[in-house]
Amino acid sequence: SLIDYFTKYKSISFHKLFPTLDKFFTDTAIGVNDITNDKLTEFIENYCGVDKNYFSTPERELKKFNLVRLKEIFLYTPSGKDIETFIKVISDGFGYDEFTSKAALNFMSEKELIKIHENKVYPIKMKKYEEVSHILLDYPDGLHWKEVRKIGNNSFSNNIWDETREVYDTSFSMEYNPNIYLIDKGKHRLIKYLLLEIKNREHLISKTIEILKELNLEQSDLEHIYKKILETGEFDNLNFYNLRAIIKIFGKEKGLYHLGRSGTNTIGLNKNIKVIPLKIKIKNIIEKNNFEITTDYLNNELQKTTEQLPLEIHLDELVEEAQIFKINPGSYLNLKEALKSCDKEKVINYIKNLLENFKYITISYIRENLNQEFDYENSNFYYDTLVKIISKENNWIFKKKYLSKERFDPEELNEKIKNSYDMNLNINENYSKMPKNIGISMLEIMDLRRQLSENYKIN
């Protein structure tokens, strides 16, 4: 009965359940300032006669929640998110329940990894190039480096940019910041927005090589080739800087190079060098190891110079192609090992039952139900890849965050949900009046209300 009780309440800290025992066991964490290495959970396991690490408590989960994972969260989460939204980010990203997610937030605040100001969350500890990327999340069309510098100098981080400099420092250089590129003179943009805009980069690179060969050129100024590409009529509204970024980042894997300094805009072919694409190298490392691979690990394995590698670009593509699993922010695993985190057949049968009750279900709804039903601790990232795999096997349709047996337009679904929301009603009332054929989590409804509230304030 004790084991059943503790299993039921494992997401609540045993220190909260037993305040008297807490007084005796907290101080056993010698040499640390928190309770993540305490002996209380170990004592309860011994008392119950179960194996070590039988119970997964918030303290043990927080031992995994380090600075690296915080950095990854803020590479896709802008500053100034309210506390409830940020808790949802933690919950979705790590598969934690609400209690553990709140414990993680408190842990991060106590360790001064984040700053909570007026009920909003801001990062404190980031490298300069990481903060540049973080700031540009809010500017999908890009922003001049001096404006980014101004925002950074007024943030809660410890980073300082010299405002007397007339040129930008290495935090804005593509060689040291793999997340950005120059979109115009002095204006920088996140590469993730470039990739959303240009879906056919392989064809664009091949066309560039083809034109160089047709002109019998081994190298040329990019402006000349850019005009030739526009003349083909295959790439309407192609931005010169977008072309240059695609060549600089991805061209060398096809033997196409951006030569010299960035200002020279010279490109050329090298027929004698056969390059193993970075994407293949990353995939090979993840596939040959049976443990979670972090971006730091990949950097250590692949980085030969001080130049930062564009790992996230290729990792995102491998995840999108369901060739690897993203487990948590900044943490990846091969298919074989990742599938051990669940009983695939049970998951398929459970989702089939959900699809009998709902026409559409969201990843967040799937995570909540599966984690609760089978006592899993998997994240939205994990289920995103898992659903990609099983949807192909079962002829289901998976787009964006929605899963269905029938074809659908995810944007229409988003609008349908938004239009169903009544700002005059509370969250619970709105949740009960959501379209009955859509399985959606309460956290998503809470997030929707915040989005609608922000738009209302702007208008």
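Let's start with Ser364, which you'll find in helix H20, the stretch covering residues 363–374. Keep in mind that this is a predicted model. Ser364 has a relative accessibility of 4%, so it counts as buried.

**Around Ser364**

- The side chain of Ser364 makes a polar contact with the side chain of Ser441, at 3.2 Å.
- Setting aside neighbours within four places in sequence, Ser364 is in contact with Asp92, Asn380, Ser441 and Glu444.

**A sheet of three strands**

- Have a look at the open sheet whose three strands come in the order S7-S9-S8, paired antiparallel. Its edge strands are S7 (219–221) and S8 (256–259), and each of them pairs on one side only. On average, neighbouring strands here are turned by 25° against each other, if you ignore direction.
- As a bit of background, strands in a sheet pair through backbone hydrogen bonds, and they can do so parallel or antiparallel.
- S7 and strand S9 (residues 266–269) run antiparallel and are joined by three bridges. Within this part of the sheet, Gln219 sits opposite Gly268 in S9.
- Helix H12 (residues 201–214) packs on the sheet and touches S7, S8 and S9, with its direction at about 80° to that of S9.
- Another helix, H13 (residues 222–231), lies across S7 and S9 and runs at about 85° to S7.

**Salt bridges**

- How many salt bridges does a search of the whole structure find? It turns up 22.
- The general idea is simple: side chains of opposite charge can pair when their charged atoms come close.
- One of these pairs is Glu147 with Lys150, whose side chains meet at 3.8 Å, N to O. Both residues lie in helix H10 (residues 145–153), three residues apart, which is about one turn of the helix. Glu147 is partly exposed at 37% relative accessibility, and Lys150 is partly exposed too, with a relative accessible area of 43%.
- Glu175 forms a salt bridge with Lys248, with 3.9 Å between the closest N and O atoms. This pair links distant parts of the chain: Glu175 is in the loop between H10 and strand S5 (180–184), while Lys248 is in helix H14 (residues 240–250), and they are 73 residues apart. Glu175 has 35% relative accessibility, so it counts as partly exposed.
- The side chains of Glu321 and Lys279 meet in a salt bridge as well, at 2.7 Å from N to O. Glu321 lies in the loop between helix H17 (311–320) and strand S11 (324–328) and Lys279 lies in helix H15 (residues 278–288), so this pair ties together parts that are 42 residues apart in sequence.
- Are these two partners buried or partly exposed? Glu321 is partly exposed, with a relative accessible area of 36%, whereas Lys279 counts as buried at 18%. Salt bridges with shared partners join Arg201, Lys279, Glu317 and Glu321 into one network.

**The protein as a whole**

- The protein has 24 helices and 16 strands.
- Of its 459 residues, 51% are buried.
- Taking contacts between residues at least 6 apart in sequence, 59% join residues at least 24 apart.
- The accessible surface comes to about 24100 Å², and carbon and sulfur atoms account for 48% of that.

Definitions and conventions. Residues numbered from 1 in each chain as written. Predicted model: local features only at pLDDT ≥ 70, side-chain atom pairs only at ≥ 80, totals over all residues. Heavy atoms only, no water. Helix = DSSP H or I, 4+ residues; strand = E, 2+ residues; numbered from the N terminus. Buried < 20%, exposed > 50% of the residue type's maximum accessible area, 1.4 Å probe, protein only. Contact = heavy atoms within 4.5 Å. Areas by Shrake-Rupley, 256 points an atom, 1.4 Å probe, with all protein chains shown as cover. Polar contact = N/O pair within 3.5 Å; in protein donor to acceptor, adjacent residues only side chain to side chain. Pairing = 2+ DSSP bridges. Axes fitted to C-alpha atoms, helices over the stretch in contact; angles between N-to-C directions. Salt bridge = Lys/Arg side-chain N within 4 Å of Asp/Glu carboxyl O.
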